[in-house]
Amino acid sequence: MPPVIRNGHPYVPYQPDRLQLDESRLQGTALLEHLDARRSVRDFVADPVPRELVETAIRAASTAPSGAHMQPWTFVAISDPTIKAKIRVAAEEEERRSYEGRMSDEWIEALAPLGTDWQKPYLEVVPWIVVLFAQRWGTNPDGSRRKHYYVQESCGIAAGLFVAALHRMGLCTLTHTPSPMGFLADILQRPDNEKAMILFPVGYAAPDALVPDLARKELSEVSVWFEGS
Ligand code: IYR
């Protein structure tokens, strides 16, 4: 069917499956259980992950809604061991400075249950590191700057979908932010408009991987409702 023209722009019909209530419940609970089983992982094995799976996760992430549909993200995927080693050295240097003074006592205390410190061996163990760069602006065909909107929000949603897609494929990751992250744009030779936002180590959990025994907040703690009668 040819696109419909509305306000001078092409539109296409959109009619997603409207599920029966029982089916909605079933699908919703199944997805919730699946997502609830996801945990951030810091103990990885070096088992390879085919590039194709990382590509699929990036495509899934890239379906995120974004301000004015500018899709203001770049995912940089690295399996090159030399680059991974460089990232580890630079990330650990920033982390060491953070743990040894830049982070407040309150912050260090809040992290205690996670058992983290400045050392990030997983950056060299994992088969892939994927870095999400936020594009602060884009480029028009004539080379001029194109404004991007709600960049943080858009990239945040893309990051969520990326994490969910990896989990669905049985892969593990961690949202790692070795702050300040400027070294990533340097090592990965990114243009001026791109700012590193989140680093994702991607791989399989080690057989003896442990995660902190954390609980999720109750629905009543994370929501407020104003219902009609
Ligand atoms: N980036 C540091 C510190 C850290 C900060 C938060 I907030 C965390 O949830 C976890 C760690 C690190 O990766 O160790």
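This is a predicted model: local features need pLDDT of at least 70, side-chain atom pairs count only at pLDDT 80 or more; totals for chains, interfaces and linings use all residues.
**Confidence.** The chain has a mean pLDDT of 97, and 100% of its residues reach 70 or more. Within the chain, helix α2 (residues 51-61) has the highest confidence, at 99, whereas confidence is lowest in α4, at a mean of 94.

| Pocket | Volume | Lining residues by class |
|---|---|---|
| Largest | about 320 Å³ | 7 nonpolar, 6 polar, 4 charged |

The largest pocket, with about 320 Å³ of space, is lined by 17 residues, of which Glu95, Tyr99, Trp107, Leu111 and Thr177 are the closest to its centre. Two elements, α3 (81-102) and α4 (105-111), each give two or more residues to this lining, and α3 gives the most, with 4 residues. The element α4 that takes part in this lining is also the one in which the confidence of the chain is lowest, at a mean of 94.

**Packing of α2 and α6.** The axes of α2 and helix α6 (residues 151-168) come within 7 Å and cross at roughly 140°, and the crossing in which α2 passes α6 is right-handed. On the side of α2, the contact is made by Ala57, Ile58, Ala60 and Ala61, while α6 contributes Ala158, Leu161, Phe162, Ala165 and Leu166. Sorted by class, this contact holds 9 nonpolar residues, with no polar and no charged ones. Helix α2, which takes part in this contact, is the helix with the highest confidence in the chain, at 99.

**Backbone features.** Most residues other than glycine have a negative phi, and most peptide bonds are trans. Against that background, two places in the model deserve mention. Ser179 and Pro180 are joined by a cis peptide bond, with omega at about -5°, and Pro180 is found in the loop between β8 (172-173) and α7 (182-187). Gln71, a residue other than glycine, has a positive phi, near 45°, and Gln71 lies in the loop between α2 and β4 (73-78).

How values were computed:
Residues are numbered from 1 along each chain as its sequence is written. Side-chain values use heavy atoms; hydrogens and water are left out. On a 1 Å grid over the protein atoms alone, a cavity is a set of points where a 1.4 Å probe fits but cannot get out, and a pocket is an open set with protein on both sides within 12 Å along at least five of seven lines; lining residues have an atom within 4 Å of a point. Grid points are joined across faces, edges and corners, and a volume is the space filled by probe spheres set on the points. Ala, Val, Leu, Ile, Met, Phe, Trp, Tyr, Cys and Pro count as nonpolar, Asp, Glu, Lys and Arg as charged, and the others, Gly among them, as polar. pLDDT is the predictor's confidence in each residue, from 0 to 100. Axes are lines fitted to C-alpha atoms, for helices over the stretch in contact, and angles run from 0 to 180 degrees between N-to-C directions. A crossing is left-handed if the near helix is turned anticlockwise from the far one by less than a right angle, and right-handed if clockwise. Contact means heavy atoms within 4.5 Å.
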